[in-house]
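Reader: I have the sequence and the model open. Can we go through a few points, one at a time?

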Amino acid sequence: MKTKVLAIDDSRTIRNLLAAALEEAGFEYHSAVDGREGVDMYPSVAPDVVITDINMPNLDGFGVIEELRGTGINSKVPILVLTTESAPELKARARSAGATGWITKPFDDQSLIFALKRVTGAAA
Amino acid sequence: MPSQAEVKQSDHEVKHTQYSEFVSFAVAGQAFCLKITQIREIRRWSPVTILPHAPSDVLGVMNLRGAVIPIYDLSARFGLHQTEATERNVVIVVAVHGKQVGLLAESVSEIISINPEEIQDTPQVDSRNTMEYIQGIISHNDTMVRIINLDAVITAPEQVIL
Amino acid sequence: MSGSIQDTFFEECEDLLEAMDEGLTAIEGGEHDQEVVNAVFRAVHSIKGGAGAFGLDELVGFAHKFETVFDELRSGKLQFDSALIQLLLRSSDHLADLVATARDGGSTDEAHHNVLIEALQKYIPEEEEDLTFEPMGLGGGMGGGFAPAPIIEDKERTYEIRFHPLKEMYGTGNEPFFLFQALSELGELEVKLNDAELPGFDAIDVAESYISWDLTLKSTEGRSSIEAIFEFVEGLCELSISSDSDAADEVNALAALDAAFGTGDDAGPALEPSAPFEAPVPAPEAEPSAVVEEKASSPKAETAKSEQRGPKPTLRVDLERVDRLINAVGELIINHSMLAQQIANLDAGDVRDVETELEGFKNLARDIQEGVMSIRAQPVKPLFQRMARIVREASSATGKTAKLVTEGEATEVDKTVIERLSDPLTHILRNAVDHGIEKPEDREAAGKETAGEIRLTASHRSGSVCIEIKDDGAGVNRPRVKQIAIEKGLIPENAELTDAEIDNLLFMPGFSTAKEVSNLSGRGVGMDVVKNAVTGLGGRINISSTPGQGSTFTIILPLTLAVMDGMVVSVADQTMVVPITSIVETMRGSDDMINSLGADGTLLSIRGNFVPICDVAGALGLRHCNDQPPGVYLLVETETGQRSALAVDDIFDQRQVVIKSLDGVCGNIPGVAAATILGDGKIAMILDPESIIAASPTAAAFDTERRMSNAIAS
């Protein structure tokens, strides 16, 4: 069975890049345009891993992590945050909120897949 | 699929001539023709909508499947008398300068195959219009058929009416 | 594939630039709240993010500077002041230019670029500088130094890894098993569970982590590859990696790792978090997140914001497809009319059922038409936002201070109208700054605020779109305008003109009030070009002005270019259509209402007022004026407020017609705007009342007489 990814990002460009890379690598790709939609979509998609942007309208990435971690059943799902630069304070903050790891924008396909592999064990 | 001209060629095994098909029709009692490839369709005349301030050879516009196309009176265009169009007349729709226009003719006669070598230059006559609009003549069944120079008859649309 | 993604990126940039402009405009207007600042930050940030993916270095670099300044503002370390706001506005313009350059090629003004970078730099504390942004091409290279290092070393080494997760790790969704799985791909891995620390059963704290692993990995990969796998659990575990490799290798790898993670000590103050994020337990109500603040703002503002910023799923469609659909629907409606007419002509007894069904068909067709039309409708907002820049540039070029205030940005107008409105609006606005708004000192002397205000408003007004450009400048200098018109031979020296007529001289070809052609509103282009552009859209433009208080340009445009409401009339046996928008009222005339004036002039008396009669057939050259007097009049009003009665033979009905352009069919016909296809499949001319009146000798003559009588009266 394909590994399901739920990508949450308000940037269409980033969503397209993720979709292209993930579908190419054989992941099942789902996307949401902001944190609120992502959290709302979560139960129906039931992803194996969540990738979320931090800066988003309606509900930001930290909010996504908190809401997903806050409800017991999701406490284990790996959540990767998308950050620009290797901003350490954002990483620290994301991690204290419960993020599993991060993907640095701009990402290339390899680093993206590598990050997913470390949190899901799946190559695809 | 071989064109009709090619079929003819192989049937008769004649010299390597490209026959062209022309549609001949009558305008003010004279025989004219246009290359069949220039013609989009032929319609029976129905009253057109008058274009205000239009020259006498522009009859007006008609609706061709949602497109507005201008209709010219070929007879008036050639400097002959103006046509009193009736239902017996036809409108020959041609494509020129990337647009469709309709040409009013008395009636369509037949389709004729012409060997380009049969085309004769237009003899010098005392009518400038004729010289301009006719690119050559041929003899068909002992009748003289004038080949219309469409590009000269219908100038670029912007210049049609000033 | 990346090409099409790049296309989306540029499309998205349009939206982002719009959002940025919107935010900056709000900020300029004094709205400095967190959500507005955040929105701008996000927009710039997203542009940078996307640009990074496509290796658009210049754009990334500039966006980064811009963003950094906004980050300072966001965190409250920097405060807005007018100089900074001006810089941000100019920077946003430049960012838009950089996006355009990245998309369309060409180059931007390098000097300007550097000036802005330098100016932005002044607002950025030095220690923030180290966060350089490495652009990376799509699919090129390795990511940021944390992916498996590309160092290929043949020598296989044995690593001893001791991994003891802290309890915190389990809250982050990191799964040791997956890490080991990733490790095993690097070479031969042996995993040994170490439960020596596990206390007796009754002493177990369920939240504590007692288990650790000893791993042995035989791999040719460098140490950094292994460390990269543990990247996400840095600080969440005790990790030691030792190997039989040489020391220097380790040092290098560590340095690389530190640089990538920013976990090393030497990263120092440069990477100090800008706010404390130590709270180990997620506590939503304690987080200073944007969501919480939005809730804190007033409900009204919140609605407005969510409306603006909420995700609106959109579909981008080739305009040609929409237009094909519009044409097809137009045909469908015509087709219906033809069908209805033929059924009505049928000698088939009771056709009421058919007619009922046909009525349903008609309503459906109308619904489809309305829906399709609305696809072409777009809010004027992006257009208006572009205009803010025009005013800024014009102000700085003229040394004046002018501010653009926009209203009704959500008003929707046909896409083509919006596109073709850009040039006229630009011209009017430049003109307003150049000629309308006074110099600051003059304004002060006149008791006005030093900064001029130009108000750009869009609204729907009874089936039309109304765009208004109102400035609070000096107004039209009428004596001067008239003087110029006389000098240029546009009007005779003794012409008696009303104020409105003088103002409208501005629209005459070859008129320009600037003493020398200024390179701003000049280049030999006058307001006549503006007028042509507007009338070309089927619209009208009018100017009104009050000396000392300013001028207002009013542009009335049809809602859509494809359909319009028209009055179907009969003129000289031809069916024609008169745009409803120009008709004031319709009436049947009787002989006693008609009064002769001069040789062939006639006036219609309406409730005591005399209005010149304009015979449409005569004006169109279809019949002589005096053949038989037509009995129906359409009272119309022109731009200058002059009324005329268009005489037609009969009025049939009022209906929506699909506009068919006559471009390419024939040249410009005086009195005719376009054509349409009626229910019977026949073509009908759509008339342009204005030019019919201009062509009518009676109306023109009456105009002169009125002026003369005015002259006598005054």
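Reader: In which helix of chain C does H45(C) lie?

Author: The model is predicted. UniProt, in an unreviewed entry, lists H45(C) for "modified residue: Phosphohistidine". This residue lies in chain C, in the helix spanning residues 34-53, which is α2.

Reader: Does H45(C) count as buried or exposed?

Author: A residue is buried if 20 or more other C-beta atoms lie within 10 Å of its own. H45(C) has 25 C-beta neighbours inside 10 Å, so it counts as buried.

Reader: How do α14(C) and α18(C) run relative to each other, roughly parallel or roughly antiparallel?

Author: Helix α14 (residues 415-436) and helix α18 (residues 527-536) of chain C pack with their axes 9 Å apart, at an angle of about 150°. Angles over 145 degrees count as roughly antiparallel. Therefore α14(C) and α18(C) are roughly antiparallel.

Reader: Which residues of α18(C) make the contact with α14(C)?

Author: From α14(C) come R420(C), D423(C), P424(C), H427(C) and I428(C). The contact residues divide into five nonpolar, one polar and two charged. On the α18(C) side they are V530(C), A533(C) and V534(C).

Reader: How many residues of chain C that touch chain B are nonpolar?

Author: In chain C, 23 residues are in contact with 18 residues of chain B. α11 (319-345), β21 (672-677) and β22 (683-687) of chain C each supply at least two residues of that side. The chain C side has three charged residues, seven polar and, for nonpolar, 13.

Definitions and conventions. Residues numbered from 1 in each chain as written. Chains lettered and ligands numbered in written order. Predicted model: local features only at pLDDT ≥ 70, side-chain atom pairs only at ≥ 80, totals over all residues. Axes fitted to C-alpha atoms, helices over the stretch in contact; angles between N-to-C directions. Helix = DSSP H or I, 4+ residues; strand = E, 2+ residues; numbered from the N terminus. Parallel < 35°, antiparallel > 145°, perpendicular 65-115°, else oblique. Contact = placed C-beta atoms within 7 Å. Nonpolar A, V, L, I, M, F, W, Y, C, P; charged D, E, K, R; others polar. UniProt positions renumbered as here; feature names shortened; annotations may be inferred. Buried ≥ 20, exposed ≤ 12 C-beta atoms within 10 Å, placed from the backbone.
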